[in-house]
Structure formats: C-alpha cells, structure tokens
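Here are a few notes to read alongside the model. Take them one at a time, with the structure open beside you.

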Amino acid sequence: MLRPRAHEEVWPATRSDRQRRDGTSALRRTFRRDSEPPASFGWPVKLHEHQAKLVLARAGIPIPHGQVATTPDEAADAARTIGGRVAVKAQVHVGGRGKAGGIKLADDAEAARSAARAILGMDIKGLRVEKVYVERAATVRSELYLGVTIDRDRRRPVVMLSTVGGMDIEEVAATHPEKIARGWPDPRLGLLPFEARRLCFEAGVPKALVAAVAAVAERLYGVFVNVDADLLEINPLFVQEDGSVVAGDAKLDVDDNALYRQTELAGWKETLADEQIEERARELGFSFVQLDGDVGVIGNGAGLVMSTLDAVRDAGGRAANFLDVGGGAKAAVVKAALEIVLSNPRVKSVLINIFGGITRGDEVARGILEAIAERPPRVPVVIRLSGTEAEAGRKILVGAPLVSRETMDEAASEAVRLAKEPARA
Amino acid sequence: MSVLLNRNTRVLVQGMGREGRFHAGRMREYGTQVVAGVSPGSGGTDRDGIRMYDTVASAVDATGANASLIFVPAFGAADAILEAIDAELPLVVCITEGIPVHDMLRITAVLAETTTTLIGPNCPGAITPGECKIGIMPAENFSPGPVGFVSRSGTLTYEIADLLSRAGLGQSTCLGIGGDPVIGLPTPDAVRLLNEDPTTDAIVIVGEIGGSAEEKAAEYMRAFGRKPAVAFIAGRSAPAGKRMGHAGAIVSGNQGTAESKVRAFEEAEIPVANAPSEIPGMVRKALRS
C-alpha cells in the first residue's frame, strides 16, 4: 500500500526544491538504499549471451573462453579447443533456458557433441534453438548478481549488486530486499570507484573480493553507457575457487532509439518469427503489437489506441492487436494498416478509431475506401471518426460497407458484437 | 489563468524545417508570440516572416524569447535541449520522438541544477487556451476555463480536451508531458504545478501503464491536494512485457500496471474514469463538491 511520505520524499516538483535537493550532497543521495524493487524494463533489441559476452570482454570484463556452434560437430570441435569441462548453452531470447534443459555440462568433446545434439532444435518457450554457446565451465565457489538498468522514477541509472546470484533479481527484490545494494550514479560522472566499493561493502561482498568486483562494476557501467543499454546484467557473476571472478551469464538489451549510433549492435538484431508482423508494421511507419483476441484495432496515438483496447475489453471483447498509425497518417498508411490487421486470420471484426488532429479525417476515409475497393474486407469494419475533417471523412464513407458510430464506446460495443456473430455466408 | 505559459510568453522555435514552420504558423494564428526561429546557418534570414538566428543565445539576446519549442530530429534533439537550457530559457518544450534514453538521463541531471522546466520529449506540447499554445495540438479542441489537465498521451489529450470543452468545462493549462520513460516534467511535477495554481479549480490526470509516476502523483495529492482531481489510465487491458506504442508504456514484471495506478488514485480519493467519456461528468461532480 502506498503511504504519503514526508514532503521531501515526494518527487520534487518545483525549482526551489530541486535546487535545495541538489545543493546538499548529490552523491550521498545517489547511494541511498531502499527496498523498492528495481525499475527494470525490457525493450525489443535483445542480444544473445555470446554477443553480450563479446561486448563485456572487449571492455576487459573476464568471461570464460567460449565459441558459438550451430552443429554437434562444431560443438565437439569447440569443446576440444577449449579443453576440459565445458557448458553447452542454448542461445535463445527467453529466460529460464536452464530449467528447460537448455544448458548441459560436458566433460569432453564427445559429451559436448551429444549435449549439442540434444539442445539444437529444442523448443524453449516456443522458440527453436538454432545455436549453442560452448564455454569453459567455471569452478564455482559462490555466485553474485551485478546489473545496471534505468530507474525511471529517479531518472538515473541504477547499479545493483547482490550476493544472491543466479536468481531472478525481481524475485530477490521480493523475498530478500535487504540483500540488494543499489547505487544511482550521476550519468555525467559515471560510476565512481568509491561508489563501486561502497556497493560491494553494502552488499556484503567478502573483503578479499571487493577490488575485483568493484572493477567489474565500473567496467560494466562503462559498457552500459557506451552501448546505450536499457539493461545490462551479469547473473551470475561467478567467484571461482582461485578467487577470480568471471561472468557466468550476460544479458544485454539495447535502447532501439539509439540504434542509429550503435551500428554494430543494430546489425546483430534478430527478428523472431512472432515479431515479423510487428517489424513489417514498423517499416511501414506505425507501431503494432500482436494480441490474442479477435477484434482488430486501428487508431491514431498510442494513448488513444490503448484506450480503445480497454473499451473493447470493457464491452466484453478481446482485441487482436494494437495498431497506432501515428500522427498525420495519409491514405496509403491507413490502407496498409487495414491490410496488416486483416491478414490475421483470427480477426472477426475491425474497429477503426480516429480522432483527427494532425491526422485528417478525410485522408483516413480515403485510405479506408481504397483498401475496401481493392479487396472487400472479409469481416465487418466499424469506424468512429472525430476531430479535424471528420465530417468530410464521414461524407466520403457514405455508402461504403462500413458501420459508423459517433463515440468510441459505441463503436467498441458494435465491433465486439459483430465479432461474436456467427460468420455470414 | 495558467501555469508555465501565458499571453506574455515569447517563443522561439528550434528546428525550422517543414514541421517546425508549419506549426510555428499555426501557433501564430492562435495568437502565440513566435519571436524567432533557430537553425544553424540560417541566421539573418527570414522564414514565413519569422526572423532566423544561428544560435539560441543570439535569438534570446535579440528578441527576449523566454520559451523554446524544439522540432530538431532525434539525433540532434538532445543537443538542442541542452542549448536551450544553456540559454537559461524558463520553458523548453520538445516535440521530437525517439531520443535515446541515455541522452535524457544526462539532460535531466543537468536540468535538476537549473531553473528551466522541460516539457517532453515525445509530446504534443502545452497550451493555455485563449492565450498561448506551444505545441502541435489542434487548438479547436481546447477552451479557456478552470480545469488543469496533464497527460502522457497525445491524441487522447485532444479527445479528452474536446469532451471537456463540449461539456462547457474549459481548461486553465493543458500539459502534454510525453510518452517516454524519462521526461522533463513527470506527472507528479505537473500535478504539483496545477495544484499550486490559483486559477485551476480541478485537475484531470491522464496516465498510462508503465513506470510509477501516477502512483507518485497520487501520493502527492493525498498529502497536499488542495483541489479535486479526476484520473484516467490508458492501457488497463494491455499485456505485460509489450511496449504499447509509447516507449514508456510497458508493464514489466509487476511494475507499471494499471491496477497499481488505479489503486493509488483510489487511496488518494481521486476517482478514476473507466472511459474518457466519463471524465466530464466526474469533473463536474468534483467541482460541485
């Protein structure tokens, strides 16, 4: 439950407050502990473990010797080159691959071959494993968690360190909040050495390891900034028998707004099968999210489309997708949007909700008319046009095989009702 | 009758390309004082009757501008914002979508040490109806009155302003603060400005899934609210882990859910509308009480 905090604790709103706040000790505030769960958030550009580890290794963070393999033979070769005990790890963009059997230990090349044979082609949470990463198995004495993400509320990066490694950090935050040390470095200064050390001491890292772990933390923060990451985690960070530390697993999500200046990472981006339609929509200039209902939704503006999805649910239906045509959509874009929504065989009705501002109602109407003329829709289409040039748009659509409604609520109810009707002959 | 912008606000436009010129024209039609345009290399010229300058500093020196509106494309937008902050403009509005979040982290760190208020990025801007519009919103949906309005959305803001205006509920100032995860004027800050504005009698807070700005705003109103408020959250039916159009509109794990936001408002005794169409009735009721 939320409780009002002391005045200073509420997000400062006025300039004088900000100045007062920042006139004291910025660095001290940067390193406050609290028990709130981390504000991590994932964005689309996810890298594989072996890619993330390459990025870490370039920054001088120790990683186990490893190689990518796409066949059992390659895995055996890799194991031979590396020598000794290896881990064979599925490279897929989902968590929980260990539990799904996607990570196997192998004592020699033959064992690596059979491990790879078992893992390659495996289905993990709907994703087919196309490649494995073969790496030297660490001699684990203990495991740590080390991660950096963005704290939206504080508008700062947040570095997290815990001696509870190997677990999902949100789970640790829920069960042992006191086991996570956090720091919010000034993005202009980076993670300073003393801040990294303080994190280690606060997290309870053994004194003999502090120098090594702090060094990894500083370098990790540097990578986080240099690659425009939203999230960069080493989990677990292995402490080996000889006292050295090495990254056991690595997770790196990159801000897709920054891909224009992260050209190498942009080239590593993979589009999953179930994201292909979303990728196609992006290329056409609108944002699209596949959902699992049967009412196709098209609108302009993210907030308006989200509200339209909510209206569909409130009317007892389920939306098939989120599609925002964006601002100032011309007829061709609206036409493409309608085609993409209708390409989903589950769709039983389409709801178009446009509030004209920059987007003109007549342009939208023309796009719909063109799309319908080219290929008559196999399902009923409900439209609600309002705002700029809505009147002109409605005139254009007179006589078209469409259902028109005045308000968003009415249009949503009608689209839901039509989706539930048995298919017409 | 307003916060942040009024009829005396003197606006310069950074990025006088196609979009910048178009909206500068629309703003002038509305009555906004557009006193300068800034595009490096264009100093001394004139675009649509607007005097152009090479730098923000020179434009401010020459015209006394006290607000900036930014249309510069994403790769140069962070630099444009910092140039406006450096010129000590009290108000900067950034329309640009797609600014890298690391740029925004650096900008908000700088911002905290200045007296500049940044609205956006990835936003429609702000309007004090009847006086001044700094942004891209269609002005005809807004009308002057006592309702303060803050929203993370664009089009949804126009829709709700239109509903309010049709119901005879004019607005003091509407702040479209933007849909990115890291923004210059987060919801709680905007709510506080409206709460402290003597000409605002009621506040409409339009939020979205993602982050916890709405929870913080509810917390603030619960402790310091001086006037009634009505809230609306877009994305109640959105699945976790999917980014719904706006970079900031994503539920991750148990963070940023609509339920959490609705609960926070209810605990602050702020009624939450189920649909935009319910908002005018709820505002009228709130104003009567």
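**Notes on the model**

1. Let's begin with how chain A is laid out. In this predicted model, chain A is split into three pieces: domain 1 covers 27-44 + 140-267, domain 2 covers 65-136 and domain 3 covers 274-418. Between the C-alpha centres of domain 1 of chain A and domain 3 of chain A there are 42 Å.

2. Next, look at what chain A is built from. You will find 15 helices and 19 strands in chain A. Of its 425 residues, 48% are buried. Taking contacts in chain A between residues at least 6 apart in sequence, 70% link residues at least 24 apart.

3. Now turn to where the two chains meet. Chain A brings 60 residues to the contact, and chain B brings 67 residues. On the side of chain B that touches chain A, at least two residues each come from several helices, including H3 (74-86), H5 (155-166) and H8 (258-267) of chain B. Which helix gives the most to this side of chain B? That is H7(B), with seven residues. By type, this side of chain B has 31 nonpolar, 20 polar and 16 charged residues.

4. Last, the nonpolar cores. The largest nonpolar core has 157 residues, and those touching the most other members are Leu323(A), Ala337(A), Ile70(B) and Ile81(B). Setting aside neighbours within four places in sequence, Ile81(B) contacts Ile70(B), Val92(B), Cys94(B), Ile107(B) and Leu118(B). There is also a second, separate core of 51 residues, with Val55(A), Leu161(A), Phe224(A) and Phe238(A) among them.

Technical notes. Residues numbered from 1 in each chain as written. Chains lettered and ligands numbered in written order. Predicted model: local features only at pLDDT ≥ 70, side-chain atom pairs only at ≥ 80, totals over all residues. Domains from an automatic or database assignment. Contact = placed C-beta atoms within 7 Å. Helix = DSSP H or I, 4+ residues; strand = E, 2+ residues; numbered from the N terminus. Nonpolar A, V, L, I, M, F, W, Y, C, P; charged D, E, K, R; others polar. Buried ≥ 20, exposed ≤ 12 C-beta atoms within 10 Å, placed from the backbone. Core = buried A, V, L, I, M, F, W, Y, C linked by C-beta atoms within 7 Å.
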